[in-house]
Every structure is written in C-alpha cells, then in structure tokens.
Amino acid sequence: MPLYEFRCRICGNTFEELVRNSADEAGAACPVCGDKDVQRLLSASALGFVSAAGAGGSAGGSSSGGCGGGHGGFT
Ligand SMILES: [Zn+2]
C-alpha cells in the first residue's frame, strides 16, 4: 500500500497516511489539528533520490564556520 506524506497547511505538522485511492487522499486530515487543508509531499525516498542525483549548489563550498576558531572567552 502506498504511504504518502502530508503536511498540514494550518499547523505545519507532517504526517504519513496510507492512500489507496483518491478518496483516501481527499480524506487525509491532520492528526494534530484535524484540518483537512493538507498538502501531499513527495515521499522521503523520492526526495533522497532527487538530492542524490545532484540538485546542485547547496552542498559544500562557503560555510563560514562558527565552531572552527579558538575563542578564548574566559578572562
Ligand atoms: Zn494541523
């Protein structure tokens, strides 16, 4: 059975819902606030595939490190 991930537009909660047909998808409601104003997300595996394929840009490069230097804070 396909397991889809949804995100509530109201409270931002994400949850998973078994969806067998369009009626199930339409009936998906947020378990936190109970609202049906939810958005179906791509599955985690699909997202992993996309990032593995290389969306480009975000990985590596200019990270202005915050924890790199020796900050001797004590006096
Ligand atoms: Zn909600």
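# Briefing: a protein of two helices and three strands

The secondary structure of this protein consists of two helices and three strands. The model is predicted. Read from the N terminus, the elements follow the order β-β-α-β-α. Of the 75 residues in the protein, 4% are buried.

**Confidence of the model**

- The mean pLDDT of the protein is 77, and 59% of the residues reach 70 or more.
- Confidence is highest in strand β1, at 93.
- Confidence is lowest in helix α2 (residues 44–53), where the mean is 52.

**The sheet**

- The three strands form an open sheet. Their order in the sheet is β2-β1-β3, with antiparallel pairing.
- Strands β2 and β3 stand at the edges; each has a single partner strand, so one side of each lacks a neighbour in the sheet.
- From one strand to the next, the twist averages 40°.
- As a general point, side chains in a regular strand alternate between the two faces of the sheet.

**Pairing of β1 with β2**

- Strand β1 covers residues 3–8 and strand β2 covers residues 14–18. Five bridges pair these two strands in the antiparallel sense.
- Two positions illustrate this pairing: Tyr 4 stands opposite Glu 17 in β2, and Arg 7 stands opposite Thr 14 in β2.
- Together, β1 and β2 form a hairpin, with five residues between the strands.
- Gly 12 lies in the turn of this hairpin and has a positive phi of about 85°.

**Pairing of β1 with β3**

- Strand β3 comprises residues 38–41 and is joined to β1 by four bridges. These two strands run antiparallel.
- Within this pair, Cys 8 stands opposite Val 38 in β3.

- Asn 21 is found in the loop between β2 and α1 (22–26).
- Asn 21 has 9 other C-beta atoms within 10 Å; a residue with 12 or fewer is classed as exposed, and Asn 21 is therefore exposed.
- Asn 21 and Pro 2 are 19 residues apart in sequence. In space, their C-alpha atoms are 9.5 Å apart.

- Asp 37 belongs to the loop between α1 and β3.
- Asp 37 also counts as exposed, because it has 11 C-beta neighbours inside 10 Å and the limit for an exposed residue is 12 or fewer.
- Setting aside its neighbours within four places in sequence, Asp 37 is in contact with Arg 9 and Ile 10.
- Asp 37 and Cys 8 are 29 residues apart in sequence, while the distance between their C-alpha atoms is 6.2 Å.

**Contacts across the sequence**

- Among contacts in the protein between residues at least 6 apart in sequence, 38% join residues at least 24 apart.

Note on methods
Residues are numbered from 1 along each chain as its sequence is written. This is a predicted model: local features need pLDDT of at least 70, side-chain atom pairs count only at pLDDT 80 or more; totals for chains, interfaces and linings use all residues. Two strands pair if DSSP finds at least two bridges between them. A residue is buried if 20 or more other C-beta atoms lie within 10 Å of its own, exposed if 12 or fewer, and partly exposed in between; C-beta atoms are placed from the backbone. Two residues are in contact if their C-beta atoms, placed from the backbone, lie within 7 Å. Axes are lines fitted to C-alpha atoms, for helices over the stretch in contact, and angles run from 0 to 180 degrees between N-to-C directions. pLDDT is the predictor's confidence in each residue, from 0 to 100.
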